[in-house]
Amino acid sequence: MTRGPRRGGLAGAWALTLAGLALLGCGSDPAPTPARAPGSSPATARATNVLMIAVDTLRADRVGALGYGRPTTPHIDELMSTSVLFEQAQSSSSWTLPAFASVFTGLTSSGHRCFEFRSSLAPSYETMAEVLSANGYRTGGVVSHVFLGARHGLAQGFEHYDEELVFVARESHQKISSPAVADKAIAWLTERANEPTQPFFLLAHFFDPHHKYQRHPGVSESFGTDTQRDLYDGEIAFTDQHVGRVLSALASLQLAEHTIVIFVSDHGEEFFEHGQRGHGKALFQETSRVALSIRAPGFEPRRVSPVVRSLDVAPTLYELLGLPGPSLPMQGASLVGLMRGAREQAPRGALLELRLKAGSAMDAFVQGRWKLIVDQSDAGLMHAGEPGLGERRTVEPRLHLYDLIADPDELTDVAARHPDIVQSLRSALDGAKQRGVAASRHFEHLAPLDLTHEELESLRQLGYTR
Ligand SMILES: [Zn+2]
């Protein structure tokens, strides 16, 4: 986004923050703690900061706070125990680029159009970092995956964007980056603590749970090293230690009480539950369900069980901070009511879309206990495993319905038993896609990136192509 700040800089941001928080306090629900103490002067007060910790490829059901039986995530669990924890959060896809584009824009894939390897988010989209930057925030990002590289458009709005850990090389899948992500994030937080005149937004993106799983001496042994599942658990535990370091630094720098902490994963990982391994191949719960929690000053910890979406994060943050958000509407909706313990009248429906490879065309819609998967993938084209949206053939849709309460592992397709539910979810799915397409018309198209041989090789090593 290239347009300038819409508000009067930092003073405007404070005024807006307070106005927004006052507005939130109008109802009978408890209001969040004001961003600065009442009566304190803007010259000395601190506004509310934002720390987003993103862990790539973290399956929700491998997190202790979400029910996993192995001690993979003690530090993340501790954060979640003091946060509002969303037990049923859905991504917008099952791989990195569209998932993060949705977190940053509040739009589905049809809305932001980041469908495949060569996609990039057009500059006209307004991201979370751009909105915060325009409202007086210092913005920093530390990222560790090629899809979060500036080349794919997700660096918009970050005044400091550290891509040093985006390894594009033959060995990229074997790199270990969590210690450096944490070091860089802590260094940036320390700078902010030393100059507390402006609020900040920091994105710390961890990548280690992604394939190929590495052994971490002193950690992996506790989970076993014989199977891919065990090694994956070890990667999560290793990453958790470094997430813990960032959270400790936030506390020791005395920033924690002034900082909203958002924890999010982009997608999960399959281990042959439905015949495949990895992600970006299907939309079953093992990749579509994500870890999501928000710790915000003034909000009591609680668990929220209705289905929510990671694209709800941006509108939630704008409401928490009292900021107006982007000039064009988002498809996500604020979670602040749920964070206060309110019940929502209508359940949220989560649209997931997957168009990663030539021939791949799969959508899903999750609402309440039901999940509809509409598969129009062309097996012949997909077999080539190449990136590309160009090739499409008309394939008769295959509809699959799962009851996520009776059958959380999605083993029994009940579409034939519930044609009415299939019809209702399909109609909702189509409506959500159409709203995304309508939103996308407000933005420019970008030509697909011309990926280098090295980038394609790196994607192959990471398991995205054959
Ligand atoms: Zn990812």
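## The loop holding Phe272

Phe272 sits in the loop that runs between β7 (270-271) and β8 (277-278). The model is predicted. In it, the phi of Phe272 is near 65 degrees, a positive value in a residue other than glycine. Phe272 has a relative accessible area of 54%. The cut-off for exposed is over 50%, so Phe272 counts as exposed.

## Other backbone features in loops

Gln254 is another residue with positive phi that is not glycine; its value is near 60 degrees. Gln254 belongs to the loop between α7 and β6 (259-265). Its relative accessibility is 61%, so Gln254 counts as exposed.

A cis peptide bond links His211 to Lys212, with omega about 5 degrees. Lys212 lies in the loop between β5 (200-206) and α7 (228-252).

Arg118 is placed in the loop between α4 (109-112) and α5 (128-134). Its relative accessibility is 27%, so Arg118 counts as partly exposed. Which distances separate Arg118 from Leu451, in sequence and in space? They are 333 residues apart in sequence, and 6.8 Å apart in space, C-alpha to C-alpha.

## The zinc site

Which residues are the protein donors of the zinc ion? They are Asp56 through OD, Thr96 through OG1, Asp266 through OD and His267 through NE2. These donors lie 2.0 to 2.1 Å from the zinc ion. Along the sequence, the donor residues follow the spacing D-x39-T-x169-D-H. Asp266 and His267 are both buried.

The 4 donor atoms subtend angles of 99 to 124 degrees around the zinc ion. Four donors count as tetrahedral if all angles lie between 85 and 135 degrees. The arrangement at the zinc ion is therefore tetrahedral. For four tetrahedral donors, the ideal angle at a metal is 109.5 degrees.

## The nonpolar cores

The largest nonpolar core has 77 residues. Met52, Phe86 and Leu132 have the most contacts inside it. Helix α9 (residues 313-321) gives the most to this core, with 6 residues. Where does the core lie relative to domain 1 (47-339) and domain 2 (349-461)? Both domains give residues to the core, so it lies between them.

Leu132 shows some of the packing. Setting aside neighbours within four places in sequence, Leu132 is in contact with Val50, Tyr137, Phe201, Leu317, Tyr318, Leu321 and Leu323.

## Strand β2 and its partners

Strand β2 (residues 84-90) is mostly covered, with 6 of its 7 residues buried. β2 pairs with strand β9 (residues 289-295) in the antiparallel sense, over 5 bridges. In that pairing, Leu85 stands opposite Ser293 in β9.

## Strand β12 and its partners

Strand β12 (residues 362-367) is mostly covered too: 5 of its 6 residues are buried. Strand β11 (residues 349-354) pairs with β12 over 6 bridges, in the antiparallel sense. Ala350 stands opposite Val366 in β12.

β12 is also joined to strand β13 (residues 370-375) by 6 bridges, and these strands run antiparallel. Asp363 has Val374 in β13 as its bridge partner. β12 and β13 form a hairpin with 2 residues between them. Gly368 lies in the turn and has a positive phi of about 60 degrees.

## Helix α13

In helix α13 (residues 453-461), the buried residues are Glu455, Glu457, Ser458, Leu459 and Gln461. Just after α13, Gly463 takes a positive phi of about 95 degrees.

## The chain as a whole

The chain contains 13 helices and 14 strands. Of its 466 residues, 60% are buried. Take the contacts between residues at least 6 apart in sequence: 70% of these join residues at least 24 apart.

Technical notes
Residues are numbered from 1 along each chain as its sequence is written. This is a predicted model: local features need pLDDT of at least 70, side-chain atom pairs count only at pLDDT 80 or more; totals for chains, interfaces and linings use all residues. Side-chain values use heavy atoms; hydrogens and water are left out. A nonpolar core is a set of buried Ala, Val, Leu, Ile, Met, Phe, Trp, Tyr and Cys residues joined through side-chain atoms within 4.5 Å. Buried means under 20% relative accessible area, exposed over 50%, partly exposed in between (1.4 Å probe, protein chains only). Helices (H or I, at least four residues) and strands (E, at least two) are DSSP runs, numbered from the N terminus. Domain bounds come from an automatic or database domain assignment. Contact means heavy atoms within 4.5 Å. Donors are N, O and S atoms within 2.8 Å of the metal (3.2 Å for Na, K and Ca); water is not among the atoms, so sites may look incomplete. Four donors count as tetrahedral if all angles lie between 85 and 135 degrees; four count as square planar and six as octahedral if opposite donors are over 155 degrees apart and all others between 65 and 115; anything else is irregular. Two strands pair if DSSP finds at least two bridges between them.
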